[in-house]
Amino acid sequence: MPSTTQQIMDTAQQAGKLLADHPAVEKYRQAQQAVTQDPDATRLLAEFERQLETLSRAQQMGQGISDTQRQQFEALQLQISSHLRIKALNMAQVDFVDLLRKITQEIHKPIAALLGESGGSAAN
């Protein structure tokens, strides 16, 4: 008997609830909160966004990026990469995204197998 859309949606909702209780999600949430509550981390990330926007706008207008701008941006990236709370957030994000990737792969396996058996090409 074929699956109904509602059955698939119900199962997806159950999977979402399971995912919400996974330690990787909690670790990611806590890391986000720690960065949000850290004035230095918040300042660094806001400055990064500001500089990124400025450089992007300059490139869109056909202007080059000066050596000073590039050096300032690289120095800011170094500060961000060495900030402990931002580093913890990045690691938690990698774990979270990896979990989502694994889930997506598991969802695609039966479909890929079915398409592979019927002569279609399976793309992941």
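The backbone nitrogen of arginine 85 lies 3.3 Å from a polar atom of the histidine 83 side chain. That counts as a polar contact (a pair of N or O atoms within 3.5 Å; within protein, one must be able to donate a hydrogen and the other to accept it, and residues adjacent in sequence count only if both atoms are side-chain atoms). Histidine 83 sits in the loop between H4 and H5. Those labels come from DSSP runs, numbered from the N terminus: helices are H or I with at least four residues, and strands are E with at least two. With 12% relative accessibility, histidine 83 counts as buried. Here, buried means under 20% relative accessible area, exposed means over 50%, and partly exposed is in between, using a 1.4 Å probe and protein chains only. Leaving aside neighbours within four places in sequence, histidine 83 is in contact with Asp38, Asp40, Ala41 and Leu44. Contact, by the way, means heavy atoms within 4.5 Å.

Before going on, a word about what you're looking at. This is a predicted model, in which local features need pLDDT of at least 70 and side-chain atom pairs count only at pLDDT 80 or more, while totals for chains, interfaces and linings use all residues. Residues are numbered from 1 along each chain as its sequence is written, and side-chain values use heavy atoms, with hydrogens and water left out. The pLDDT is the predictor's confidence in each residue, from 0 to 100. Its mean over the chain is 92, and 94% of the residues reach 70 or more. Over residues 120-124, though, the pLDDT is below 50, and this stretch has three contacts in the model beyond near neighbours in sequence.

Now follow one of those contacts of histidine 83, Ala41, into helix H3, where Ala41 is among the buried residues. At the start of H3, a side-chain oxygen of aspartate 38 reaches to within 2.9 Å of the backbone nitrogen of aspartate 40. How far should the 22 residues of H3 span? At 1.5 Å a residue you'd expect 32 Å, and the end C-alpha atoms are 31 Å apart, which agrees. (The expected span is 1.5 Å times one less than the number of residues.) Just after H3, glycine 62 takes a positive phi of about 80 degrees.

Which residues of H3 are buried? They are Ala41, Leu44, Phe48, Gln51, Leu55 and Ala58. Look down the axis of H3 and these buried residues fall within an arc of 120 degrees, so they line one face of the helix. The arc is that of the directions from the helix axis to the C-beta atoms. The face of H3 turned away from its buried side carries the exposed residues Pro39 and Gln60.

Glutamine 51 is worth a look too: at 12% relative accessibility, this residue counts as buried. H4 has 16 residues and reaches 22 Å from its first C-alpha to its last, close to the 22 Å expected at 1.5 Å a residue.

Next, the rings. A search of the whole structure finds two aromatic pairs. Tyrosine 28 and phenylalanine 96 form a stacked one, 5.0 Å centre to centre with 15 degrees between the planes. Rings of Phe, Tyr and Trp (its six-membered ring) pair if their centres lie within 6.5 Å; planes under 30 degrees apart count as stacked, over 60 as edge-to-face and the rest as tilted. This pair links distant parts of the chain, with tyrosine 28 in helix H2 (residues 23-36) and phenylalanine 96 in helix H5 (residues 84-117), 68 residues apart. Both tyrosine 28 and phenylalanine 96 are buried. The rings of phenylalanine 48 and phenylalanine 73 have centres 5.2 Å apart and planes at 20 degrees, so that pair is stacked. Phenylalanine 48 lies in H3 (residues 39-60) and phenylalanine 73 in H4 (residues 67-82), so the pair ties together parts 25 residues apart in sequence.
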